[in-house]
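Subject: Structure handover

Hi,

Here is the structure for you to look over. My notes follow below it.

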Amino acid sequence: MQDHLRLDSFDLSLSDIASVDVKMLHALSLGVGWPHRTEDWDMLRHTGQGLAAIDGIGRVFGTAMWFAHGTEFATIGMVITSHRFQAHGNGRWLMEQVLERCGHRNLLLNATRPAYNLYVSLGFVPEESVYQCQGEVAPRLRSFEPVKGELKGVAHADLDSIAALDARAFGTERKRLLRILARDAKGYGIWRDGTLVAYAFRRSFGRGQVVGPIVASNDEDAIALVSRHLSEIPGQFARVDTRQREGIFLSVLQDSGLRIFDTVTTMSKGRRFLKAKSGEPSIFGLASHALS
Ligand SMILES: CC(C)(COP(=O)(O)OP(=O)(O)OC[C@H]1O[C@@H](n2cnc3c(N)ncnc32)[C@H](O)[C@@H]1OP(=O)(O)O)[C@@H](O)C(=O)NCCC(=O)NCCS
């Protein structure tokens, strides 16, 4: 496969994203209006692998990352090309390089509108919409019946049960990612009869705080968890990415001040990803677009 790309008057080669100055990655994502801070880039680089398209003097013209979970599955994200040189072949080139490195894994990504056709042409199939809900958290939140069971903060010792619950919802075990997220996150869980039945993390990201992943088996549990998190940050900027269109979860987010800002499309290549069954745990809030 082509390991150089002629882009306008620039000759681009590939570099391991881990070796690139984070300030240049940050400038690239700012250039396309993404909110990632340098800390967010560092966290993603620590979690996954990636490529940067650079010119002869080390300037970054594009990136693409993948986050492998074992040998069977990976998510793809942080696919960005320099705003000034889009529609010149750079995005396709980077994606082809990533696909080669992901091998035979089943793949998942969340496509923005400008990227959608590119991914279709590379064999990705649309599954569902993701609603990016964000805004300043309302000073007072709607109140609900107390949740059945016990809602309390999660501890480090809960990581195994969180990972087991999460794997049922996500379809693939992602304990390493959860351990990384947990380091800087606040987490709440719901226990019934001594068993963890729902959990949600909250961490700093971009302009404020993101609540996710959120895993629950019903609206009530998911709402109780997200409300607990949001009640701790009134007036602050918060974000939840969700695929839940039915039920009241989405309207509770909106009532809490988190309006739909954008929509992306979950797409898969290989095995179909989404297979929610009623009563089974499912993903109410994504960890992030790149991590899913
Ligand atoms: C999406 C993105 C990475 C594409 O990068 P790019 O360098 O323009 O990609 P390419 O030049 O290889 O174009 C890929 C295909 O998309 C098409 N395309 C490019 N920009 C497009 C746009 N704004 N709208 C519709 N189609 C577009 C191209 O025509 C091309 O099709 P072709 O290969 O059949 O001719 C780039 O637009 C970008 O960084 N956007 C902002 C960040 C983003 O949304 N990233 C995607 C995250 S999922």
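A backbone N or O atom of G89 lies 2.6 Å from an oxygen atom of the ligand. That is a polar contact (a pair of N or O atoms within 3.5 Å). A87 has a backbone N or O atom at 2.6 Å from a ligand oxygen. For T81 the corresponding distance is 2.8 Å. The protein covers 70% of the 910 Å² of accessible area that the ligand has on its own; such areas come from the Shrake-Rupley method with a 1.4 Å probe.

Some ground rules. This is a predicted model: local features need pLDDT of at least 70, side-chain atom pairs need 80 or more, and totals for chains, interfaces and linings use all residues. Residues are numbered from 1 along each chain as its sequence is written, and side-chain values use heavy atoms, without hydrogens and water.

Now the ligand shell. It holds 19 residues, the closest being V79, A87, G89, R92 and T112; a residue counts if one of its heavy atoms lies within 4 Å. Ten are nonpolar, eight polar and one charged. Here Ala, Val, Leu, Ile, Met, Phe, Trp, Tyr, Cys and Pro count as nonpolar, Asp, Glu, Lys and Arg as charged, and the others, Gly among them, as polar.

Which elements each supply at least two shell residues? They are β5 (73-81), α3 (90-102), β6 (106-111) and α4 (113-121). The largest share, four residues, comes from α4. Helices (H or I, at least four residues) and strands (E, at least two) are DSSP runs, numbered from the N terminus.

Two backbone points to check. M78 sits in β5, and its phi is near 55°, a positive value in a residue other than glycine. The peptide bond from G212 to P213 is cis, with omega near -5°. P213 is in strand β11 (residues 208-216). Most residues other than glycine have a negative phi, and most peptide bonds are trans.

Best wishes

Terms used
Polar contact = N/O pair within 3.5 Å; in protein donor to acceptor, adjacent residues only side chain to side chain.
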